[in-house]
Amino acid sequence: MQFHHHGYVSTNPKAQPVAGTGIDRPDVLPEEVDVLIVGTGPAGMITAAQLSRFPHVTTRIVERRGGRLQIGQADGIQARSVETFQAFGFAPEITAEAYHITEMNFWAPDPENPKDIIRTSRAVDDEMGISEFPHLIVNQARVLDYFAEFMRNSPTRMEPDYGWEFVSLEIGAGEYPVAVELAGTAHNEGQRRTVRAKYVVGSDGARSGVRDAIGAEMSGDRANHAWGVMDVLANTDFPDIRTKCAIQSHDGGSILLIPREGGYLFRMYVDLGVVSEGDHGKVRETPLEEVIRKANEIMHPYTVDVKSVAWHSVYEVGHRVTHRFDDVPTAEAGARAPRVFITGDACHTHSAKAGQGMNVSMQDGWNIGWKLGHVLEGRSPESLLSTYTAERQVIAQNLIDFDRTWSSMMAKKPEEFENPAELADFYVRTAEFPAGFMTQYTPSMIVAEAVHQDLATGFPVGKRFKSAKVTRICDTNPLHLGHLAEADGRWRIYAFADAARAGAPGAALSAFADWLASNPASPVVATPEGLDRDAWFDVKVIYQQDHHSFDLGDVPAVFKPQVGPFQLNNLENVFGTYKGEDIFEERGISREGAVVVVRPDQYVANVLPLGATDELGAFFAAVLGSKRAETV
């Protein structure tokens, strides 16, 4: 964490200096805003949190509840989400309070006594070392709390506007073309407000009013299997009660057991069977006592003595996704910029058992959040916003396809599997997907063709930037390179040096640094006057030598930008290799060097040779649009 560059700080260093719309921020919901977000679920809150780092963008987020969420339904946090929390500055804190999944156990009927269940196998949660981050279980409400804290500490000092329910919207003309009608709830009961916005983000759940207002339709299979879910405090003789388990009984159905944070609470998804054609939602009235009875039947010979129920529900599994995630009809895609977007459950609904809903929803929100910020601050053309549906609709469909397979397997009877180990094998074989690392965006204005992928095979273009250890030169600290990327809306340019030592004449890195610092086509040069040179682009250099092999004085100035009102040299962007874990070897980086460009949401956008400055300039010319044209 870097601070003091604006002057001495003795208070919480996470609280940034107030700026822009955060100065004299009105408590009352304004009549005009740049972005109005509807719903404070995970997708809405991460969108708001990202936009809170754009001081000159007026963003408000409304919620029909009267205050913070008390009990959340979602609880599974994949490693990709923890990686995201690192960028938002709260991964260590939430990791400390969460339950860590390190293993999953599988139970099935005892062949010699089918009425009883026995443990049949164990599977390590991340056997292949997909991520350095853990797989967590923590209450959704706590995730929202951390995003709210991030917002409060950002320059805009953003807070949710509780007690406002979405009624309708109309898209017209003018600077604020979207008129949103809101009705007061809770402490605002009886009031009505119209807020005009440049853009609206609907994060208002599976029954989204925003989705209906823009005519986006959900399609997919209907619900045909019911599950009772409950968070309980209980005593039991089941030996794996504090381990994630998939439990299959002979004829009573299945249970997915998820231990919760805190050491005592646990969640059970209890199989209630196939829903009949004429049920019409009656299964949702299944009493809690029946769910508990069913759980004990499935777990025989073990028993669960429930002492307290924190939350419970009955739901039917359906898999549905909208055909578009914004207000632009499919036939008009690319012809005009969208004004209204939907995220999270408003776009995709599925079972909870794969633990993907909250996680994928947050990536929806982060994706649209930084893009809105860039367009509204003039960093990028409005065409950037069309990439949201193009990128996230495909990911949602992939999620639906995966969850359909996983939930169907969980609902099978043991005798329906060709191989008794099929469920456990599927869990291990597909580990990268539930961990959140299968996403790979296709070429667009913000993802280049992978023409030079061989220069950095460990950083596939379109996939998230997979971190590796390096040593920071200025203080000799070993660090994960990717963990230093904050959710601050900046692009990352990682310059991996050629084999020449720092300062050596004729080095390819030196020529690249000169171009980056002064050439009119350089993206860094496009940074507007009055901002620090690293305000839009975080530029780092990684040398092939260790930290004893050169001094900071040998490093080109573009990697040591001057920041803050005192124009202090930022010395923390220069790295050498880490002993025993050479990043060049770990990530397949050419010894001739490479440039790796990473988007604000941590996805690799381009891989280039150090000498391909024309290609790099052309790539950012599209990203920066008119801003680039003004500079050149």
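How many helices and strands are there in the protein chain? There are 13 helices and 29 strands. Before I go on, note that this is a predicted model.

Overall dimensions next. The C-alpha trace spans about 75 × 60 × 50 Å along its principal axes. The radius of gyration is 26 Å, and a compact globule with 632 residues would have a value near 26 Å, so the two agree. Of the 632 residues, 57% are buried. As for contacts, if we take those between residues at least 6 apart in sequence, 73% of them join residues at least 24 apart. The accessible surface comes to about 25,300 Å², and carbon and sulfur atoms account for 50% of that.

Now charges. The protein chain carries 85 negative and 59 positive side chains. The centres of these two sets lie 2 Å apart. Side chains of opposite charge can pair when their charged atoms come close. Here the count comes to 44 salt bridges.

Are arginine 80 and glutamate 83 buried or exposed? Both are buried.

The next pair is arginine 339 with glutamate 382, a salt bridge with 3.5 Å between the closest N and O atoms.

The last pair is glutamate 377 with arginine 379, where the closest N and O atoms are 3.2 Å apart in the salt bridge. Why is arginine 379 classed as buried? Its relative accessible area is 7%, and buried means under 20%. Glutamate 377, at 24%, is partly exposed.

Finally, the network. Which residues are linked in a network of salt bridges? They are Asp488, Arg490, Arg492, Asp534, Asp538 and Lys540.

That is what I have on this model.

Conventions:
Residues numbered from 1 in each chain as written. Predicted model: local features only at pLDDT ≥ 70, side-chain atom pairs only at ≥ 80, totals over all residues. Heavy atoms only, no water. Helix = DSSP H or I, 4+ residues; strand = E, 2+ residues; numbered from the N terminus. Rg over C-alpha atoms; globule rule 2.2 N^0.38 Å. Buried < 20%, exposed > 50% of the residue type's maximum accessible area, 1.4 Å probe, protein only. Contact = heavy atoms within 4.5 Å. Areas by Shrake-Rupley, 256 points an atom, 1.4 Å probe, with all protein chains shown as cover. Lys, Arg positive; Asp, Glu negative; His and termini not counted. Charge placed at Lys NZ, Arg CZ, Asp CG, Glu CD. Salt bridge = Lys/Arg side-chain N within 4 Å of Asp/Glu carboxyl O.
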